[in-house]
Amino acid sequence: MSKKTVLVSGGAGFIGSHVTVELIEAGYDVVVADNFSNCDMTCFEGVQKIIGRKLPLEKMDFCDEAAAKAIFKKYPIDAVIHFAAFKAVGESVEQPLKYYKNNLVSFMNVLEAAEEAGGCNVLFSSSATVYGEPEKVPVTELTPRQPAMSPYGNTKTMCEDILQDTVKASGGKLRGILLRYFNPIGAHPSALIGELPRGVPNNLVPFITQTAIGKREILSIFGNDYPTPDGTCQRDFIDIVDLARAHVFAVTRMIEGKMKKGVEIFNVGTGRPLSVMELVNAFEKVNGVKVPHKFAPRRAGDITAIWADPTLANNELGWKATRSIEETLKAAWAWECRLAGK
Ligand code: UFG
């Protein structure tokens with residue numbers, strides 16, 4: 001069988017770069033496309049080091065309709081994975097139009113280009129954010145979606161609907177998978193790629209690693225009065241390499257025609273809740289470093305507790321998270337140390 005080609009939009013970012021590595025290791029050809037608006041060449045170069053060769057790179061913006069169409073003409077694309085999007089929840093509240101324009105237009109351009117090119121398999125990077133504050137945990141794919149807490153979250157819900165409607169109207173030309181990610185953390189075991197937040201990190205693990213290395217003074221733990229076992233929020237922290245592997249299973253399922261309907265939805269999580277405090281403690285223990293921390297008021301918009309029921313992905317995709325939290329937190333620390341030249 002000839003090699004299949006996967007276009008990865010936003011392929012130079014945190015999730016995109018890890019997915020690119022896993023796809024290549026599984027035997028796919030990958031075209032990385034990125035406008036580098038929120039990342040630099042570090043991860044793309046890291047990917048090339050891991051795989052030991054050069055990769056096709058398209059510096060482009062999917063909001064540019066002509067550019068989106070051109071890339072589908074240039075390569076024989078069997079599947080597209082769409083990551084290219086803005087992702088800062090707080091910023092999306094302050095600048096909603098920036099988020100709606102970028103995240104919706106780029107995805108619509110991908111779909112239009114894919115359809116015009118004769119059809120394609122489309123994987124969209126959705127989020128557990130679509131479940132809002134769930135009434136029951138863990139959440140399955142049938143758990144009702146809730147109104148989004150932010151324009152960022154809204155773009156995820158809207159893109160899910162855009163994919164559903166477009167696939168339905170495409171007369172079989174398009175098929176799609178929505179992967180709903182929980183909290184992706186960690187880094188590649190090689191420490192050649194990882195998370196590279198610009199400025200002060202919004203997310204927990206980069207804040208922890210930057211505090212442990214001395215770049216930040218102290219970690220604020222937002223809220224210790226939640227109705228959870230230790231009072232801090234609970235999340236489903238999923239290793240980035242495990243998460244990346246889920247994409248390989250999903251792409252293969254689409255390409256091999258094994259889907260049971262036009263659009264399928266899978267939770268990508270471990271099924272294991274961990275509290276913020278438990279995560280901080282585990283990080284200190286496994287890496288033998290201190291993370292100065294204090295309790296601070298709750299952060300607006302935070303969900304008390306959410307974790308996945310990953311049964312559907314386990315059974316249908318044949319995918320399961322395998323890396324322990326210790327391995328994941330070691331990898332996150334190794335990446336931070338490498339960035340600091342230590
Ligand atoms: N937290 C802290 N201190 C920090 C940063 C985070 O205590 O400095 C806490 C938060 O309050 C929260 C937990 O750590 O309880 C996780 O926070 P993150 O910002 O790392 O992740 P979220 O669960 O808020 O957000 C993630 C994704 C979003 C997505 C959201 C909902 O990063 O893209 O889940 O699915 F929208």
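**Two non-glycine residues with positive phi**

Alanine 191 is found in the loop between β7 (183-185) and α7. In this predicted model, alanine 191 has a positive phi of about 60°, although it is not a glycine. With a relative accessibility of 9%, alanine 191 counts as buried, because the cut-off for that class is under 20% relative accessible area.

Phenylalanine 36 is also not a glycine, and its phi is positive, at about 55°. The loop that holds phenylalanine 36 runs between β2 and α2 (42-51). Phenylalanine 36 is buried, with 16% relative accessible area.

Valine 137 and proline 138 are joined by a cis peptide bond, for which omega is about -5°. Proline 138 belongs to the loop between β5 (120-127) and α6 (151-169).

Strand β1 comprises residues 5-9, and five of its five residues are buried. In a regular strand, side chains alternate between the two faces of the sheet. Both faces of β1 are covered: Thr5, Leu7 and Ser9 are buried on one side, and Val6 and Val8 are buried on the other.

Strand β2 (residues 29-34) pairs with β1 in the parallel sense, over five bridges. Within this pairing, valine 8 stands opposite valine 32 of β2.

A polar side-chain atom of arginine 235 lies 2.6 Å from a ligand oxygen. For asparagine 203, an N or O atom in the side chain is 3.0 Å from an oxygen atom of the ligand. Asparagine 202 takes part through its backbone, where a polar atom is 3.4 Å from an oxygen atom of the ligand. On its own, the ligand has 690 Å² of accessible area, of which the protein covers 87%.

**The shell around the ligand**

The ligand is surrounded by 18 residues, and the closest are Leu204, Ser220, Arg235, Arg299 and Asp302. The shell consists of nine nonpolar, six polar and three charged residues. Two elements, α7 (204-212) and β8 (219-222), each give two or more residues to this shell. The most come from β8, which gives four residues.

Key: Residues are numbered from 1 along each chain as its sequence is written. This is a predicted model: local features need pLDDT of at least 70, side-chain atom pairs count only at pLDDT 80 or more; totals for chains, interfaces and linings use all residues. Side-chain values use heavy atoms; hydrogens and water are left out. A residue is near a molecule or strand if one of its heavy atoms lies within 4 Å of it. A polar contact is a pair of N or O atoms within 3.5 Å; within protein, one must be able to donate a hydrogen and the other to accept it, and residues adjacent in sequence count only if both atoms are side-chain atoms. Accessible areas come from the Shrake-Rupley method with a 1.4 Å probe; for residues, only the protein chains shown count as cover. Ala, Val, Leu, Ile, Met, Phe, Trp, Tyr, Cys and Pro count as nonpolar, Asp, Glu, Lys and Arg as charged, and the others, Gly among them, as polar. Buried means under 20% relative accessible area, exposed over 50%, partly exposed in between (1.4 Å probe, protein chains only). Two strands pair if DSSP finds at least two bridges between them.
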